[in-house]
Amino acid sequence: MKAVALIDANNFYVSCERAFNPRLRGEPTVVLSNNDGCVVSRSNEAKQIGIRMAVPIFQVRSLIERHGVHVLSSNYELYGDLSSRMMNVLEEFSPEVERYSIDEAFVSLEAEDSAGLEKLGREIKARVYRYTGIPVSVGIGATKTLAKVAGFHAKTLPQLESVFDLTPASLQVPALRRTPIEEVWGVGYRWATKLKANGIRTAFDLREARDEWIRANMNVAGLRMAHELRGIRCHTLASIPQPRRAINSTRSFGKMVDSLDDLKAAVGTFVTRAAEKLRRERMLAGVITVFVLTDRYKLDDEQYSGSLTLQLAPMTNITTDIQTVALKALEAIYRKDLRYKKAGVMLGDLVPDYGLPQPLWETGKTEKMRELMAKVDRLNRRYGRETVQCGTFISDGKWQMQMNSRSPRYTTRWDELLKVTC
DNA sequence: TCTGGGGTCCTAGGACCC
DNA sequence: TCTGGGGTCCTAGGACCC
């Protein structure tokens, strides 16, 4: 029989930190978002003392001090590297692996029977842990949504020891009855509130709801959820990634920014990031949106959100070309006498870059710029990001992120390797 | 100046995911 | 004092065309 397995790392960012710093094991630990703003990963011990997901760190300061919680800035370079190691292990088990997020993957599995599926699940869990040090949970079901339900129970019921196979029909009704509606994949806060008001409190209730009712009160996404809970596959396994539609680079600032020069430096840097990613994925962008925002939490300040989308013609992935257009957009939306908290750029209308000359408008200059970009990328890969920068601004200033306690990038920087002393 | 419907395309905003 | 970032999908509504 064939089934879908969801492999989900437990408290992924915290687990990455623990893999290199065993002293954190058993200790309450949290990892923060960019700018050290919110809690985005919590160890079980941190969950138990009542630190909620996504809570701003300043709201739980006293809790953290009272319990001696370890607090770390996020280290995406480390997490990204451990993520790809985890995905490589999964590919040893199946030709169909969908990398769903940094810490989750859907995998197609095949076995004689349910017992065989569960055995595979346990092997996956053991091998990922042995090769990466990351503990995972495995949920198995006939559809992605059922695999997610199974994963929820694998994580929350200790007696399952992190692996749950939900393919046997006899298990489905009791498992779905014990799945709160807000735990169903695709049901967020808003839908959960509305569904509960209509008496739908569990995954089982949604599975049993009439299609006409769902169609009238939800949308096609709701219909798909219900069908998937009944075992009808609506979401296929995307083991070949779909072409990307957009690339964004946006940040909140470390401190409020008011000058156009500082905003230019920030936007110039965001374009650099986005264009690097564009070239890495061999694509060209056709439009760019630039936006700036004031601080929505400062209720006494005048609020403003400005954004402008401009065409990139011809389509390009050359940093300096995109910067020119981005700065034009920024100047158009910039308003003096305001204090800004956040800005960003979004590249859209992406198409593959086949690297062919485009005779209609390609000039010798463009060809030279492409070669230059390739060289800059090589240098920055070899000697570290921002060894060579494009643009005329100083990419340094108060807009830069706060990051006070990042661990070393153990696996991606030679000078930050783990040192062993005897 | 009034009268109609159907189709497409685009955009903004909402909801959700991790 | 201090409140993340990068994505996708869906829908409603407006503009436009015939």
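## Backbone features and a positive patch

P314 is found in strand β11, which covers residues 305–316. The structure shown is a predicted model. A cis peptide bond joins A313 to P314, and its omega is about 0 degrees.

The loop between α6 (144–156) and β8 (163–165) holds E161. S162 lies in the loop between α6 and β8 as well. E161 has a phi near 50 degrees, a positive value in a residue other than glycine. The phi of S162 is also positive, at about 75 degrees, although S162 is not a glycine.

Are these residues buried or exposed? E161 has a relative accessibility of 51% and therefore counts as exposed, because exposed means over 50%. S162 has a relative accessible area of 18%, so S162 is buried; the cut-off for buried is under 20%.

| Residue | Phi | Relative accessible area |
|---|---|---|
| E161 | near 50 degrees | 51% |
| S162 | about 75 degrees | 18% |

The surface also carries a charged patch. Which residues form the positive surface patch? They are R280, R282, K375, R378, R381 and R385. Helix α14, residues 364–383, gives the most to this patch, with three residues. R385 is found in the segment after α14. With a relative accessible area of 46%, R385 is partly exposed, because partly exposed covers values between under 20% (buried) and over 50% (exposed).

Terms used
Residues numbered from 1 in each chain as written. Chains lettered and ligands numbered in written order. Predicted model: local features only at pLDDT ≥ 70, side-chain atom pairs only at ≥ 80, totals over all residues. Heavy atoms only, no water. Patch = residues over 30% accessible without salt bridge, like charges linked within 9 Å, V, L, I, M, F, W, Y side chains within 5 Å. Areas by Shrake-Rupley, 256 points an atom, 1.4 Å probe, with all protein chains shown as cover. Salt bridge = Lys/Arg side-chain N within 4 Å of Asp/Glu carboxyl O. Lys, Arg positive; Asp, Glu negative; His and termini not counted. Charge placed at Lys NZ, Arg CZ, Asp CG, Glu CD. Helix = DSSP H or I, 4+ residues; strand = E, 2+ residues; numbered from the N terminus. Buried < 20%, exposed > 50% of the residue type's maximum accessible area, 1.4 Å probe, protein only.
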